[in-house]
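Here is a colleague's note on the model below. Please read the points with the structure open.

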Amino acid sequence: MTTLKILVFSDSHRSRGDMIEAIDEQQPDQVIHLGDLITDAEELTYVYPRLPICMVPGNCDGWTTEPVKKLITLQGKTILLSHGHLWGVKSGYSHAISDAKAAQVDVLLFGHTHRSLCHQLEDGLWVMNPGSSRSSYGFIEIKDGTLHCEIFPVN
């Protein structure tokens with residue numbers, strides 16, 4: 001039985017304590033940080049040098065060489081991630097979902113709104129916004145090829 005645990009954070013805005021607490025509690029195999037601020041994710045790489053951390057910049061991150069959108073594959077599942085501001089997610093999710101469907105991904109991840117969301121569409125696409133890391137984070141489990149996503153509140 002193969003299981004991969006992924007924690008998803010967004011909009012940490014220099015508040016790293018809640019992310020560290022969640023990582024220590026959940027012991028994930030992978031972390032994804034969706035920006036604002038990408039330096040928070042970079043600092044996590046120093047605290048957890050052996051933990052893979054994938055990151056994208058947000059609208060508050062200024063100049064960076066990191067791509068604003070990434071497509072990754074973990075245990076055969078494809079994940080599209082971006083902060084969300086380029087998709088205009090504060091006005092709705094249609095652009096983000098269209099992009100995800102065009103890329104034929106299994107999971108769409110974005111932040112920016114500071115409001116958590118975790119929903120599976122009829123076609124099977126998981127759509128997740130982990131909310132602000134000060135209040136919640138996303139949890140993705142891939143177990144024997146099956147995806148499960150949920151939002152956890154910060155303790």
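Is F152 buried, partly exposed or exposed? F152 is partly exposed, at a relative accessible area of 21%. Here buried means under 20% relative accessible area, exposed means over 50%, and partly exposed lies in between (1.4 Å probe, protein chains only).

This is a predicted model, where local features need pLDDT of at least 70, side-chain atom pairs count only at pLDDT 80 or more, and totals for chains, interfaces and linings use all residues. Residues are numbered from 1 along each chain as its sequence is written, and side-chain values use heavy atoms, with hydrogens and water left out.

1. Strand 8 spans residues 126-129. Strands are DSSP runs of E with at least two residues, and helices are runs of H or I with at least four, numbered from the N terminus. Both faces of strand 8 are covered. W126 and M128 are buried on one side, V127 and N129 on the other. Strand 6 (residues 107-109) runs parallel to strand 8, joined by three bridges. Two strands pair if DSSP finds at least two bridges between them. V127 in strand 8 has L108 opposite.

2. **The hairpin.** Strand 7 (residues 117-120) pairs with strand 8 in the antiparallel sense, over four bridges. H119 is the bridge partner of V127 on this side. Strand 7 and strand 8 form a hairpin with five residues between them. Check G124 in the turn: its phi is positive, about 100°.

3. **Aromatic pairs.** The whole structure holds four aromatic pairs. Rings of Phe, Tyr and Trp (its six-membered ring) pair if their centres lie within 6.5 Å; planes under 30 degrees apart count as stacked, over 60 as edge-to-face and the rest as tilted. One of the pairs is F9 with Y137, which is tilted: 5.9 Å centre to centre, with 45° between the planes. F9 sits in strand 1 (residues 3-9) and Y137 in strand 9 (residues 136-143), so this pair links distant parts of the chain, 128 residues apart. Both F9 and Y137 are buried.

4. **F139 and F152.** Why is the pair of F139 and F152 tilted? Its planes stand at 40°, with ring centres 5.3 Å apart, so the pair is tilted. F139 lies in strand 9 and F152 in strand 10 (residues 146-153), so the pair ties together parts 13 residues apart in sequence. F139 counts as buried because its relative accessibility is 7%. Ring pairs link F9, Y137, F139 and F152 into a cluster.

5. **Cysteines.** How many disulfides are there? The count is zero, where a disulfide is a pair of cysteine sulfur atoms within 2.5 Å. The cysteine sulfur closest to that of C54 belongs to C149, 15 Å away, which is too far for a bond. C54 counts as buried, at 11% relative accessibility. C149 is in no disulfide either; its nearest cysteine sulfur, in C118, is 5.2 Å away. C149 is buried too, at 4% relative accessibility.

6. **Nonpolar cores.** The largest nonpolar core has 19 residues. A nonpolar core is a set of buried Ala, Val, Leu, Ile, Met, Phe, Trp, Tyr and Cys residues joined through side-chain atoms within 4.5 Å. I6, V8, I32, I79, L81, L109 and I140 touch the most other members. Strand 1, strand 4 (69-74), strand 5 (77-82), strand 6, strand 8, strand 9 and strand 10 each give two or more residues to this core. Strand 1 supplies the largest share, three residues. Apart from this core lies another, of 16 residues, including L7, M19, A22 and L51.

7. **I79.** I79 lies in strand 5. Its relative accessible area is 0%, so I79 is buried. Contact means heavy atoms within 4.5 Å.

8. **S132.** The loop between strand 8 and strand 9 holds S132. S132 is buried, with a relative accessible area of 8%. A polar atom of its side chain lies 3.4 Å from the backbone oxygen of D11. Leaving aside neighbours within four places in sequence, S132 is in contact with S10, D11 and H114.

Definitions and conventions. Polar contact = N/O pair within 3.5 Å; in protein donor to acceptor, adjacent residues only side chain to side chain.
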